Amino acid sequence: MTPTIEIQNLAEAECLGLMRSQPVGRLVFTENALPAIRPVNYVLDGRDIIVKASPETWISRLAGSVVAFEVDQIDPRSHTGWSVVVLGKAEFVTDIDQLVRLSDPNHRPWAPGRHDRCMRLRAAEITGRRLALAA
């Protein structure tokens, strides 16, 4: 008998907890009037997403832009998993006290090079769904 899968909407607190379990998400934005997606390391600061990057990269063009961020975990065997999407506005952290607080050596970007710029995605909306085996 094939198991039945159901879709469950997730509460914000559960979405944030799931996001804390993953080191990589996808930042979605517009580049040259086309959709663009980049995988990035991130950390949560309350409800906000913090991404560290080099000042010379594509991320420097996002200040003031509305962006999306997606994190998921999928089990291809059971066809179950979850996805969380965050929508909000990108801004750069310039306050020295915040920069010091956000510089956690345990959460370094995986990509090589300098990462001395912090982008904050101010979460305006957080939604999530889970594909789960029906009881």
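1. Is L133 buried, partly exposed or exposed? With a relative accessibility of 46%, L133 counts as partly exposed, where buried means under 20% relative accessible area, exposed over 50% and partly exposed in between, using a 1.4 Å probe and protein chains only.

2. The model is predicted, so that local features need pLDDT of at least 70 and side-chain atom pairs count only at pLDDT 80 or more, while totals for chains, interfaces and linings use all residues. Residues are numbered from 1 along each chain as its sequence is written, and side-chain values use heavy atoms, with hydrogens and water left out.

3. L133 is found in strand 8, strands being DSSP runs of E with at least two residues and helices runs of H or I with at least four, numbered from the N terminus.

4. The largest nonpolar core has 28 residues, and L27, F69, V86 and M119 have the most contacts inside it; such a core is a set of buried Ala, Val, Leu, Ile, Met, Phe, Trp, Tyr and Cys residues joined through side-chain atoms within 4.5 Å. Among the elements that each supply at least two residues of this core are helix 1 (12–20) and strand 2 (24–31), and strand 7 gives the most, with five residues.

5. L27 touches, among others, F69 and M119, not counting residues up to four places away in sequence, where contact means heavy atoms within 4.5 Å.

6. N32, in the loop between strand 2 and strand 3, has a positive phi near 55° and is exposed at 71% relative accessible area. H79, in the loop between strand 6 and strand 7, has a positive phi near 60° and is exposed at 56%.
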